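Me: I'm new to this one. Can you walk me through it?

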Amino acid sequence: MTEPVETDAGPARITWHAAVRPRLVLAVSHGAGGGVEARDLKALAAALPAHGVSVALVEQPWRVAGKKLAPAPKTLDTGWRGVWPALTAPGLPVVSGGRSAGARVACRTARELGARAVLALSFPLHPPGKPEKSRADELLGAGVPTLVVQGGNDPFGRPEEFPEAPRGTYELIEVPYADHGFAVPKRADTTQERALETITGGVARWAGSLD
C-alpha cells in the first residue's frame, strides 16, 4: 500500500509492507543518491514482515518531486518529522531507519520523535578519503538502541573505523566485501545473495531483541 503524506518540505510517500501480526514498524528512508529501490531496502521489505515487523519505505519529498540532488540536512529532517505521525498511526513502536543520508536523519531525530530504536544502513561515517571529517557524533548521539549495518569495503567508513562506545550505545554488523550500496564484487569469497541474507537476518534478530 502506498500512502502520500504532506510535510513542511513537500509531499512525501510511504510504501507499506505489512506483517500479518505486527509488533513493530521499521521505517526506512533512502540515501542522497537513490531511492527505496536500493537492494538493502527491498530485501528488508521482503523479509521482515515474516518476523512480525511491518516495513515502511519512506520517500523524501525531494525524491517524490523527481529532483536528483538531496536538499540540506535540515530539510531532510523536516521531511522525516512530517511523515512520523503516519508511521506511528498503527499504534506500534517505530524503529527509525535509513541508508546513508537517511541513516543520519534517523540518528539526528530519534530521541526527539520517540523512536524505539535506530537502524543505520551504510552510515556515512565520513566522506570518502576524508576520515578527519567524522560524523560519529550523530551516531553516538542517537540516544536509543542503534544497529549499524556496514559494508566491509564501504569508502564512507569501514567497520574498523567506527569508534568504540559505551556498551549499549550501538551494535555493528559487518557485511563482508560489500561497498556503500552493499554490492559485493564477483571475485569475493561470498555472493550477493549471502550479503543480503546477512543484512536481513541480522536486522531480524536485532528487531526481535527490542521486545
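Me: Let's start with charges. Which residue forms a salt bridge with Glu37?
Reply: Arg63 does. The closest N and O atoms are 3.1 Å apart. Keep in mind that this is a predicted model.

Me: Where do Glu37 and Arg63 lie?
Reply: Glu37 is in the loop between strand E3 (24-29) and helix H1 (39-47), and Arg63 is in helix H2 (residues 61-64). The two are 26 residues apart in sequence, so the pair ties together separate parts of the chain.

Me: Is Glu37 buried, exposed or partly exposed?
Reply: Glu37 is partly exposed, at 47% relative accessible area. Arg63 also counts as partly exposed, with 26% relative accessibility.

Me: How many salt bridges are there in the whole structure?
Reply: A search finds nine.

Me: Why can such side chains pair at all?
Reply: Opposite charges can pair when the charged atoms come close.

Me: OK, which side chain meets Arg81 in a salt bridge?
Reply: That of Glu112, at 2.6 Å from N to O. Arg81 sits in helix H3 (residues 73-88) and Glu112 in helix H4, so this bridge ties together parts 31 residues apart in sequence. Arg81 is partly exposed at 33%. Glu112 is partly exposed too, at 49%.

Me: And what about Glu138, which side chain does it meet?
Reply: Arg108, in a salt bridge of 3.3 Å, N to O. Glu138 belongs to helix H5 (residues 136-140) and Arg108 to H4, so parts 30 residues apart in sequence are tied together. Glu138 is buried, with a relative accessible area of 16%. Arg108 is partly exposed, at 27%.

Me: Which residues join Glu138 in a salt-bridge network?
Reply: Asp77, Arg104 and Arg108. Shared partners link these residues and Glu138 into one network.

Me: H4 keeps coming up. At what angle do H3 and H4 cross?
Reply: Roughly 60 degrees, and their axes come within 10 Å. That angle makes H3 oblique to H4. The crossing is right-handed.

Me: Which residues make that contact?
Reply: From H3, they are Pro73, Leu76, Asp77, Trp80, Arg81 and Trp84. From H4, they are Ala101, Val105, Ala106, Arg108, Thr109, Glu112 and Leu113. They divide into eight nonpolar, one polar and four charged.

Me: Let me pick out Thr109. Is Thr109 buried or exposed?
Reply: Buried, because its relative accessibility is 0%, and the cut-off for buried is under 20%. Thr109 is placed in H4, which covers residues 101-113.

Me: What does Thr109 contact, leaving aside neighbours within four places in sequence?
Reply: Asp77, Trp80 and Arg81. Asp77 is also in the salt-bridge network, and Arg81 is the partner of Glu112.

Me: New topic. How do H1 and H6 pack?
Reply: At an angle of about 55 degrees, with their axes 10 Å apart. H6 covers residues 192-208. The two helices are therefore oblique to each other. Their crossing is right-handed.

Me: Which residues meet there?
Reply: H1 brings Arg39, Asp40, Ala43, Leu44 and Ala47. H6 brings Gln192, Leu196, Ile199, Thr200 and Val203.

Me: How many of those are nonpolar, polar and charged?
Reply: Six are nonpolar, two polar and two charged.

Conventions: Residues are numbered from 1 along each chain as its sequence is written. This is a predicted model: local features need pLDDT of at least 70, side-chain atom pairs count only at pLDDT 80 or more; totals for chains, interfaces and linings use all residues. Side-chain values use heavy atoms; hydrogens and water are left out. Helices (H or I, at least four residues) and strands (E, at least two) are DSSP runs, numbered from the N terminus. Buried means under 20% relative accessible area, exposed over 50%, partly exposed in between (1.4 Å probe, protein chains only). Contact means heavy atoms within 4.5 Å. A salt bridge is a side-chain nitrogen of Lys or Arg within 4 Å of a carboxyl oxygen of Asp or Glu. Axes are lines fitted to C-alpha atoms, for helices over the stretch in contact, and angles run from 0 to 180 degrees between N-to-C directions. Angles under 35 degrees count as roughly parallel, over 145 as roughly antiparallel, 65 to 115 as roughly perpendicular and the rest as oblique. A crossing is left-handed if the near helix is turned anticlockwise from the far one by less than a right angle, and right-handed if clockwise. Ala, Val, Leu, Ile, Met, Phe, Trp, Tyr, Cys and Pro count as nonpolar, Asp, Glu, Lys and Arg as charged, and the others, Gly among them, as polar.
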